[in-house]
Amino acid sequence: MEAVTTDLNQMTLTPHKPIPRVTRSTAKALKMQQLNLNEQRTEGTPKVKTSRHNLKPDKPVALESRNLFGFKFVGSLESSLSLDENLQESTQQQPVTPDLKTNRQTVATSTNTKKETITPGVRTKETITASTKTKRETPNLRRENLKSTNALKEKSVNVKDTSKSLSKIEKPLNKTAAQIDKKVDTHLDQLLKCCQQKQPQSFSKVFDVWPSLKIGEASYSEVYLIDDEETPMAVKVIPLGGQDQLSIVQALQETKATLGASEIQANTQDGHFNFVRLLKSKIVKEKYPQQLLDLWDQYNQENESENEDPRSLKDNQLYLVLFLEFGGTDLEHTALLTTPKRLMSVFMQVILALAQGEEQIQFEHRDLHWGNILVENTAKRSIAYEIMDETVTVKLSGVQVKIIDFTLSRHGKEDIVFNDLSQDPELFEGPGMDDPEGDLQFDVYRWMKDIVKDWKSFQPKTNILWIEYLVDKLDTFEMEWLDNDIRERLKKRTYKSALDLVKREMLDHRGALTK
């Protein structure tokens, strides 16, 4: 087996000069400002307080009664229907006739000839005017953006292996209302099985040690730190089943995707390296605990939370609690990238991790923005990756990468886990680089859409699109760190996959990354 070593010692060091960076929140704010400029306020209409649930705050908002999965019911029909699977059947499997003019559906029931209507709940965008402060990112862009705090320490973590990934996600079928209810229960049963439980537990039961700090938040969750000396953990607390919350099916997908990524190994000696590992997962059904509310309040005072106060959640709310390996601070907020060597180290670790994921489990991340790449200090000098029966050794230069958030990811050769992004059109509507306040991240979503026709299929070129994005973000540190030949080939989309990039530029001794 031939070894290839990448040497970063010949590179010239220059001071780090931070420049202003475009945030996803400001990009979203500009897009919504432009939309609002086209709206005329109706004279005499009372103004409604802006919130993340109001698409048009200047118009009266009617309160709606919704079931667990976000559907609004008009009439007496009380069947539980899943929003994510768009299951809209009657109790006797009568035909559904869509009314395109009203965006409603007419359902015939066997017990009554009178027709009842169902209006699907719609995920709304946040309305932001020029005088209104941006409160949060679009909820439906399922991405992580863990904000670091002054109390958060950079540290190395040693954790144990996790369990194997489970069976393929079961796809809902067209059934009667009673069968739909049974199907929903089946998904919950699968999720409980994934978490090695028979029924939901209490928070006090799942926490051996309570978190000591809230370290960040995501569109659907709060993230806390268990600062254990032996095994520090990041804990995601995710409400399930309501509007602007993950469904049980989505929670099952995220859990399985995280387990799948946890199985990707650098090699037998170093084991799991660049993918954050799921240590355990639990299902809880209980009121949000006071211990976490106190941490939430502290974070809110220091950082002004973009999430709603957890006190608004139901007393019998269902939660998915993920206990994850602590991986450090995301690229957007880290202070560790101070030299060209460290920039190159981050780049090399990411492309090698993606290449191994492609080779081992046909992995695509599909949401690898810089909020989902964590870095922390490490005393480890190098890591050896085994790829295509060869060994590639990379010097770490003091930083270790951890990739997180597999909500949109795809993996598997037979038992395939994926998220059908065609069901989330808002993901592709964010302002890109053609907008003065836009961000390349939203262009990448659209680029993926252009090349992926079936989101279940393996399309590793999506990883190359995110590598191109990563180079753009690392360039904001204003240091010379990457060969221009690679930049040009990335822009021309020459590489077919991360594995192809590694093969051409690292395993071939004439490659740009072997110089």
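Here are some worked exercises on the predicted model shown above.

**Exercise 1. The chain as a whole**

Task: Find how many helices and strands the chain has, what share of its residues count as buried, and what share of the contacts between residues at least 6 apart in sequence join residues at least 24 apart.

Solution: 
- Start with the secondary structure, which comes to ten helices and 16 strands.
- Next comes burial: the chain has 515 residues, and 55% of them count as buried.
- Finally, take the contacts between residues at least 6 apart in sequence; 73% of these link residues at least 24 apart.

**Exercise 2. The nonpolar cores**

Task: Work out how many residues the largest nonpolar core has, and which of them have the most contacts inside it. Then find which helix gives the largest share of this core.

Solution: 
- In soluble globular proteins, nonpolar side chains tend to be buried together.
- In this model, the largest nonpolar core holds 93 residues. Those with the most contacts inside it are Leu331, Phe347, Ile351, Leu352, Ile467, Leu474 and Leu513.
- Helix H6 (residues 340-361) supplies the largest share of this core, with twelve residues.
- Another core, of 18 residues, lies apart from it; Ile226, Val235, Val284 and Phe323 are among its members.

**Exercise 3. H6 against H10**

Task: Describe how H6 and helix H10 (residues 498-507) pack, and say which residues make the contact.

Solution: 
- Two packed helices are described by the angle between their axes and the distance between the axes.
- For H6 and H10 the angle is about 120°, and the axes are 7 Å apart.
- With that angle, H6 is oblique to H10. Their crossing is left-handed.
- On the H6 side, the contact is made by Met348, Ile351, Leu352, Leu354, Ala355, Glu358 and Glu359. H10 brings Ala498, Leu499, Leu501, Val502 and Met506.
- Sorted by class, these are ten nonpolar, no polar and two charged residues.
- Ile351 and Leu352 take part in this contact, and they are also listed among the residues with the most contacts inside the largest core.

**Exercise 4. H8 and its two partners**

Task: Helix H8 (residues 461-474) packs with helix H9 (residues 484-491), and H8 also packs with helix H7 (residues 440-451). Describe each pair in turn.

Solution: 
- Begin with H7 and H8, whose axes are 10 Å apart at an angle of about 160°.
- Angles over 145 degrees count as roughly antiparallel, and therefore H7 and H8 are roughly antiparallel to each other. The crossing here is right-handed.
- H7 contributes Leu440, Gln441, Val444, Tyr445, Trp447, Met448 and Ile451 to the contact. From H8 come Lys461, Thr462, Leu465, Trp466, Glu468, Tyr469 and Asp472.
- Nine of the residues in the contact of H7 with H8 are nonpolar, two are polar and three are charged.
- Now turn to H8 and H9: the angle is about 135°, with the axes 10 Å apart. H8 is thus oblique to H9, and the crossing is left-handed.
- Ile464, Ile467, Glu468 and Val471 of H8 meet Arg487, Leu490 and Lys491 of H9. This contact has four nonpolar, no polar and three charged residues.

How values were computed: Residues numbered from 1 in each chain as written. Predicted model: local features only at pLDDT ≥ 70, side-chain atom pairs only at ≥ 80, totals over all residues. Heavy atoms only, no water. Core = buried A, V, L, I, M, F, W, Y, C linked by side-chain atoms within 4.5 Å. Buried < 20%, exposed > 50% of the residue type's maximum accessible area, 1.4 Å probe, protein only. Helix = DSSP H or I, 4+ residues; strand = E, 2+ residues; numbered from the N terminus. Axes fitted to C-alpha atoms, helices over the stretch in contact; angles between N-to-C directions. Parallel < 35°, antiparallel > 145°, perpendicular 65-115°, else oblique. Left-handed = near helix turned anticlockwise from the far one by under 90°. Contact = heavy atoms within 4.5 Å. Nonpolar A, V, L, I, M, F, W, Y, C, P; charged D, E, K, R; others polar.
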